[in-house]
Every structure is written in structure tokens, then in C-alpha cells.
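I opened my notebook and loaded the model. Below I write down what I looked up, entry by entry.

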Amino acid sequence: MIRRPPRSTQGVSSAASDVYKRQLLRQGNEWNEVRVVAGRLQANTVVAQLEGCIDREAARTLIGSEISIRSDQLESPVDGEFYWRDLKGLTVLNMAGETLGVVADLLETGANDVLVVKGESELLIPYTTVTVDQVDLKDRHIRVHWERDY
């Protein structure tokens with residue numbers, strides 16, 4: 001299973017919720033720490049009230065900004081769970097030991113996540129319990145039930 005940070009604070013412990021209230025906001029090339037006073041998902045958009053942002057004109061200047069948290073704010077994944085950032089760059093091997101490539105990216109499809117593997121060609125490998133046999137962060141590889149010609 002791939003673990004992602006929560007999309008909202010609903011269902012998150014109050015201690016974790018407090019951690020996610022400290023966000024990083026990027027405008028252009030500059031990152032600044034901000035405090036989220038309130039927030040929610042609205043369709044595919046995050047609606048948030050930031051400390052010190054008191055009117056619509058100030059809020060308009062933030063449209064299109066990137067929002068992030070520091071990696072040390074993330075909960076440690078439990079055994080068998082991984083963050084996308086931990087999978088990127090891992091070598092992908094099939095069950096025959098053939099190197100298929102390296103995880104370049106991941107896609108979220110709704111049904112399951114998909115590994116984007118760059119090698120001799122680009123492969124899109126579903127991240128499911130049927131397809132992914134083993135993730136070894138120490139040895140930096142993922143073993144999959146997949147062939148080059150799929």
C-alpha cells in the first residue's frame with residue numbers, strides 16, 4: 001500500500017491535525033511557512049484560511065501557490081506502506097530478475113496507483129498486491145509480476 005498524507009484533517013488525531021496546520025507556501029521560487037487557521041477540500045481545490053490573510057485581495061495574491069509540508073511532519077508509514085517519494089528512483093525487477101527500469105513517477109488513477117517505469121521503454125505498472133511482489137527500500141528495488149512485453 002502506498003501511504004499519502006491526509007487530504008483533510010477529518011479523521012486525523014488532534015496532535016497530527018496540529019502538525020498539518022504548519023504549511024509551506026511557494027510563490028514563484030520562494031517558500032514561506034504559514035499557519036492554516038481553517039481549511040477544507042472543495043472539488044479538486046483546497047480552500048484554506050491562512051493566518052494574517054484577512055481579506056479577499058490578500059487571498060487573491062495566493063491563487064496558484066503550491067502548498068506543502070516538511071517531510072519530518074509526515075507520520076512514519078507502517079510496515080508494507082510507502083510514500084511515493086520513497087519509491088521514486090527504485091529499480092524495478094521482474095520475477096525473472098530482469099531489470100525493467102527505474103520508477104520515474106507514479107500516477108493516481110482512482111482504482112489504484114500506477115508506477116511509471118522508465119527503461120528501454122516506458123512501462124505503466126499497476127501498484128497492486130497482485131502485481132507488486134516486494135518493495136525493498138534498503139536494496140532500492142521493487143520486484144513485480146510483469147514482463148517487458150506487456
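This is a predicted model: local features need pLDDT of at least 70, side-chain atom pairs count only at pLDDT 80 or more; totals for chains, interfaces and linings use all residues.

**Entry 1: Asn 94**

I started with Asn 94 and asked: is Asn 94 buried or exposed? Asn 94 counts as buried because its relative accessibility is 0%. Buried means under 20% relative accessible area, exposed means over 50%, and partly exposed is in between, with a 1.4 Å probe and protein chains only. Residues are numbered from 1 along each chain as its sequence is written, and side-chain values use heavy atoms, with hydrogens and water left out.

Next I looked up where Asn 94 sits. It is in strand β5. Helices (H or I, at least four residues) and strands (E, at least two) are DSSP runs, numbered from the N terminus.

I then checked the side chain of Asn 94. One of its polar atoms lies 3.0 Å from the backbone nitrogen of Ala 96.

Which residues does Asn 94 touch, not counting residues up to four places away in sequence? I listed Leu 100, Arg 143, Val 144, Trp 146 and Glu 147. Contact means heavy atoms within 4.5 Å.

**Entry 2: the partners of β5 and β10**

I followed β5 to a neighbour. Strand β5 (residues 91-94) runs parallel to strand β10 (residues 141-144), and four bridges join them. Two strands pair if DSSP finds at least two bridges between them.

Then I turned to β9. Strand β9 (residues 132-136) pairs with β10 in the antiparallel sense, over four bridges. Here His 141 in β10 stands opposite Asp 136.

How many residues lie between the strands in the hairpin of β9 and β10? I found four. Arg 140 in this hairpin takes a positive phi near 60°.

Strand β7 (residues 113-118) runs antiparallel to β8, joined by six bridges. Lys 118 has Glu 122 as its bridge partner in β8.

**Entry 3: Ile 142 and the cores**

I moved to Ile 142 in strand β10. Ile 142 is buried, with a relative accessible area of 0%. Leu 87 is 55 residues away along the chain, yet the two C-alpha atoms are separated by 8.3 Å. Leaving aside neighbours within four places in sequence, Ile 142 is in contact with residues including Leu 87, Leu 115, Val 132 and Val 135.

Which residues have the most contacts inside the largest nonpolar core? They are Leu 87, Leu 100, Leu 115, Ile 125, Val 135, Ile 142 and Val 144, and the core has 17 residues. A nonpolar core is a set of buried Ala, Val, Leu, Ile, Met, Phe, Trp, Tyr and Cys residues joined through side-chain atoms within 4.5 Å. At least two residues of this core come from each of β6 (99-108), β7, β8, β9 and β10. A second, separate core has five residues, including Leu 25 and Val 34.

**Entry 4: the four-stranded sheet**

I finished with the other order, β3-β2-β1-β4, an open sheet of four strands with antiparallel pairing. Its edge strands are β3 (45-50) and β4 (66-68), and each pairs on one side only. Neighbouring strands here are turned by 55° on average, direction ignored. Strand β1 (residues 22-27) runs antiparallel to strand β2 (residues 30-42), with six bridges between them. Leu 25 has Asn 32 as its bridge partner in β2.

Note on methods:
A polar contact is a pair of N or O atoms within 3.5 Å; within protein, one must be able to donate a hydrogen and the other to accept it, and residues adjacent in sequence count only if both atoms are side-chain atoms. Axes are lines fitted to C-alpha atoms, for helices over the stretch in contact, and angles run from 0 to 180 degrees between N-to-C directions.
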